[in-house]
Amino acid sequence: MSLSPIKQEILESMLLNDKPYKAMEIAKEAKKEFQPVMMHLLGLTRMGYVTSPEKGLYVITAHGKKALGIPEITKERANSILAYAPHEKSFNFYKSVGNPLSIHAHNLRDFTTKIDRVDPLSLEFHLKRGDFEAWFKMLGDEELTKKMALLKKQGLIGEELREELNDIVGRRYHELAELTGQVFPEDQQEHNHSHSENNKNVDHSVNSHTHA
């Protein structure tokens, strides 16, 4: 079933956040009026693209992701995405063209730790060029590839961009790690704390071998 442009925009907004959100917050993220968004959310729920885990909260489903061209993840695929990449396929951070930072990420877990170590200008540089999309695609993660394309459209910069990247990539890493059983104790502790903070808030509401 084809999606209308506004339904696709709503689903894309929900994909980028990928956690239960209030309809008002979804409308704000999608830059749409509340009433039509609420109407389309109900329609998307009937279609099975969105579900409501509790009253007033909505989240995209695996069926909804599939409608955006993202295949359902399997344990085998998750293991492949999380695998350690050799140096020639690692992500090399640059601050600008010809200005490498000598910081490399060899897998998704490594990437989540390096986000906090690089200059925000590096994050802006790579996002704008599509380097994050290219590397995640090389890893085989269609979902993160799509999310980076959507994030690029938001035009975030500086620490706001770093925070959003941390949230998006961190949540994806934990999702895949839990699916495969590769959760490290320190990661789980951090994830549980983050999940607790998210619940609290809801309640109150480069290509791997790029030469730059």
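Student: In this predicted model, are Phe111 and Phe136 buried or exposed?

Tutor: Phe111 and Phe136 are both buried. For Phe111 the relative accessibility is 0%. The two rings also form an aromatic pair of the edge-to-face kind, with 5.2 Å from centre to centre and 70° between the planes. This pair links distant parts of the chain, since Phe111 belongs to helix α6 and Phe136 to helix α8, 25 residues apart.

Student: How many aromatic pairs are there, and how is the geometry of Phe91 and Phe111 to be read?

Tutor: The count comes to 9 aromatic pairs. An angle over 60 degrees between ring planes counts as edge-to-face. The planes of Phe91 and Phe111 stand at 85°, with the ring centres 5.8 Å apart, so this pair is edge-to-face. Phe91 lies in strand β4 (residues 91-96) and Phe111 in helix α6, so the pair ties together parts that are 20 residues apart in sequence. Phe91 is buried, its relative accessible area being 0%.

Student: Which residues form one aromatic cluster?

Tutor: The cluster consists of Phe91, Phe93, Phe111, Phe132, Trp135 and Phe136. Phe132, Trp135 and Phe136 are also among the buried residues of helix α8 (residues 131-139), a list that includes Asp131, Glu133 and Leu139. After α8 comes Gly140, which has a positive phi near 95°.

Student: How does one describe two packed helices, and at what angle do α1 and α3 cross?

Tutor: Two packed helices are described by the angle and the distance between their axes. The axes of α1 (residues 5-17) and α3 (residues 34-46) come within 10 Å and cross at roughly 85°. Angles from 65 to 115 degrees count as roughly perpendicular, and α1 and α3 are therefore roughly perpendicular to each other. On the α1 side, Ile6, Lys7, Ile10, Leu11 and Met14 take part; they meet Val37, His40, Leu41 and Leu44 of α3. By class, this contact has 7 nonpolar, 1 polar and 1 charged residues.

Student: In what order do the strands of the open sheet stand?

Tutor: The open sheet has 3 strands in the order β1-β3-β2, with antiparallel pairing. β1 and β2 (50-51) are at the edges and have a single partner strand each, so one side of each lacks a neighbour in the sheet. β2 pairs with β3 (residues 57-60) over 2 bridges in the antiparallel sense, and Thr51 stands opposite Val59 in β3. Helix α1 lies across β1, β2 and β3, and runs at about 90° to β3.

Student: Where does Gly155 lie, and how far is Gly155 from Lys128 in space?

Tutor: Gly155 lies in the loop between α9 (142-154) and α10 (158-180). Its relative accessible area is 54%, and Gly155 is exposed. Although Gly155 and Lys128 are 27 residues apart in sequence, their C-alpha atoms are 8.7 Å apart in space.

Definitions and conventions: Residues numbered from 1 in each chain as written. Predicted model: local features only at pLDDT ≥ 70, side-chain atom pairs only at ≥ 80, totals over all residues. Heavy atoms only, no water. Axes fitted to C-alpha atoms, helices over the stretch in contact; angles between N-to-C directions. Helix = DSSP H or I, 4+ residues; strand = E, 2+ residues; numbered from the N terminus. Parallel < 35°, antiparallel > 145°, perpendicular 65-115°, else oblique. Contact = heavy atoms within 4.5 Å. Nonpolar A, V, L, I, M, F, W, Y, C, P; charged D, E, K, R; others polar. Buried < 20%, exposed > 50% of the residue type's maximum accessible area, 1.4 Å probe, protein only. Pairing = 2+ DSSP bridges. Phe/Tyr/Trp six-rings, centres within 6.5 Å; stacked < 30°, edge-to-face > 60°.
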